[in-house]
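Below are some notes for a colleague who is opening this entry for the first time. Please read them with the structure in view.

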Amino acid sequence: MASEASASTSAATAAQQPVAIVCVGMAGSGKTTFMQRINAHLHAKKEPPYVINLDPAVLNVPFESNIDIRDSVNYKEVMKQYNLGPNGGILTSLNLFATKVDQILGLLEKRAAPDPEQPGKKLIKNILVDTPGQIEVFVWSASGQILLESLASSFPTVIAYVIDTPRTASTSTFMSNMLYACSILYKTKLPMILVFNKTDVKDASFAKEWMTDYDAFQEALQRDDEGNAFGGVEGEGAGSGYMGSLLNSMSSMLEEFYAHLSVVGVSSMTGQGVDEFFDAVREKAEEFKQDYLPELERKRKERDEQKRKMRQKELDKMMKGMSMGESSGTAGPKTADNDDSEIESNNGDDDDYADVDDEYDREGLQARYAAAMEANQDSTMGR
Ligand SMILES: Nc1nc2c(ncn2[C@@H]2O[C@H](COP(=O)(O)OP(=O)(O)OP(=O)(O)O)[C@@H](O)[C@H]2O)c(=O)[nH]1
């Protein structure tokens, strides 16, 4: 299978691989502006990145994309044709686009590999991916997972979680954001950088302090509680104290999570902090190669092994059923010896079956959408 082959080659050639930076963040956090800023930064350094826009609903992208989901899928037509709302439209557009993941990887690998016929060819060092503001539609969908896993199987991949700093200044919104980030880390299993954006409006030092100093967060909690930030009617006494104690327990639970993150403060408006961001990217890309890639490969092997066992079990059941049928005179003329040899030959081909199964899973998705697309070819695909 293509992605498996690229997974094994990626380990060997990871040192020269470009890093894929996937920007996620809540609507309005400044993802697109941040993408524009880091894109301009890399252009200024004469290292133009490869840019992918995965937001089908965005009206204007203020930078040039090499691959744009809107070139392949017409989001408005998808909504109309499938009778969907905005989120369903984004999800279905992503699903349609995910059927092209092999083509996308092919293009990326071509741009990332040296070409003997073009020795002067400039290889890309960074792949920037912008995602829809509806994080859950991307992070928790099958297509989002396919796209992320495919990227990560070929390139060191890091998640840049963009946070609106001024809107995260209270302990409760800060904690909500951290829990969201934690769920993304849990789902994607990729190294993450927290990008506290809009530092021209509010400095991110408070957030860094809360993440490293438990007592500082407790003091902020106390202040918010006294200021009635956790409920009750404003000016009529403090909230129940439930929120305070919940946030308190969560902050101690999240300590382990904080330890695995890089945190940078950035202003996408002024460009402040962008160098620190790329330092963090390099650090996380190394971490990806050392910790995440072996883990990804271990998980893949585990999955293959589980599938192999399941198939063996099914096969054993089938053989048992056949021999029972045979003893009751309903089976054909097959002998026990023949059965054994068949098991053996199947055992030998287990890995091939794993490939076929994986291929089948993906092809299943592809076939369903290919069929859907064919039916609506003119109207949903292409602009
Ligand atoms: N002051 C300031 N404003 C910013 C910064 N980054 C983004 N903004 C503003 O924040 C608003 C949202 O920015 P976008 O880049 O559109 O945010 P987004 O996350 O891509 O939003 P969606 O497309 O809805 O997902 C815009 O008005 C930006 O001008 C920043 O660093 N400083």
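1. The lining of the second largest pocket divides into 11 nonpolar, three polar and six charged residues. This is a predicted model, and what follows should be read with that in mind. The volume of this pocket is about 310 Å³. It has 20 lining residues, and those closest to its centre are Gln-17, Val-19, Lys-125, Asn-126 and Arg-282.

2. Which helix gives the largest share of the lining of the second largest pocket? That is helix α14, which spans residues 274-327 and supplies six residues of the lining.

3. The next point is the ligand. There are 16 residues around the ligand, and Lys-31, Thr-32, Thr-33, Asp-200 and Ser-268 come nearest. By class, this shell consists of four nonpolar, nine polar and three charged residues. Helix α2 (residues 31-44) makes the largest share of the shell, with three residues.

4. The side chain of Thr-33 has an N or O atom 2.5 Å from an oxygen atom of the ligand. A polar backbone atom of Gly-30 is 3.0 Å from an oxygen atom of the ligand. On the nitrogen side, a polar side-chain atom of Asp-200 lies 2.8 Å from a nitrogen atom of the ligand. On its own the ligand has 650 Å² of accessible area, and the protein covers 68% of this.

5. Rolling a probe the size of a water molecule over the atoms shows where empty space is left. How many cavities of 30 Å³ or more does a search of the whole structure find? The search finds one, and the volume of this largest cavity is about 110 Å³.

6. What lines the largest cavity? The lining is made by Ile-52, Leu-54, Val-101, Ile-104, Leu-105, Val-129, Phe-138, Leu-147, Leu-148, Ser-150 and Leu-151. Of these residues, 10 are nonpolar, one is polar and none is charged. Helices α6 (101-112) and α8 (142-154) each contribute at least two residues to the lining. The largest share, four residues, comes from α8.

7. The last point concerns aromatic rings. A pair of aromatic rings is described by the distance of the centres and the angle of the planes. The structure holds seven aromatic pairs. In one of them, the ring centres of Phe-206 and Trp-210 are 5.0 Å apart and the planes are at 80°, so the pair is edge-to-face; the cut-off for that class is an angle over 60 degrees. Both residues of this pair, Phe-206 and Trp-210, belong to helix α10 (residues 205-212), where they are four residues apart, about one turn of the helix.

How values were computed: Residues are numbered from 1 along each chain as its sequence is written. This is a predicted model: local features need pLDDT of at least 70, side-chain atom pairs count only at pLDDT 80 or more; totals for chains, interfaces and linings use all residues. Side-chain values use heavy atoms; hydrogens and water are left out. On a 1 Å grid over the protein atoms alone, a cavity is a set of points where a 1.4 Å probe fits but cannot get out, and a pocket is an open set with protein on both sides within 12 Å along at least five of seven lines; lining residues have an atom within 4 Å of a point. Grid points are joined across faces, edges and corners, and a volume is the space filled by probe spheres set on the points. Ala, Val, Leu, Ile, Met, Phe, Trp, Tyr, Cys and Pro count as nonpolar, Asp, Glu, Lys and Arg as charged, and the others, Gly among them, as polar. A residue is near a molecule or strand if one of its heavy atoms lies within 4 Å of it. A polar contact is a pair of N or O atoms within 3.5 Å; within protein, one must be able to donate a hydrogen and the other to accept it, and residues adjacent in sequence count only if both atoms are side-chain atoms. Accessible areas come from the Shrake-Rupley method with a 1.4 Å probe; for residues, only the protein chains shown count as cover. Rings of Phe, Tyr and Trp (its six-membered ring) pair if their centres lie within 6.5 Å; planes under 30 degrees apart count as stacked, over 60 as edge-to-face and the rest as tilted.
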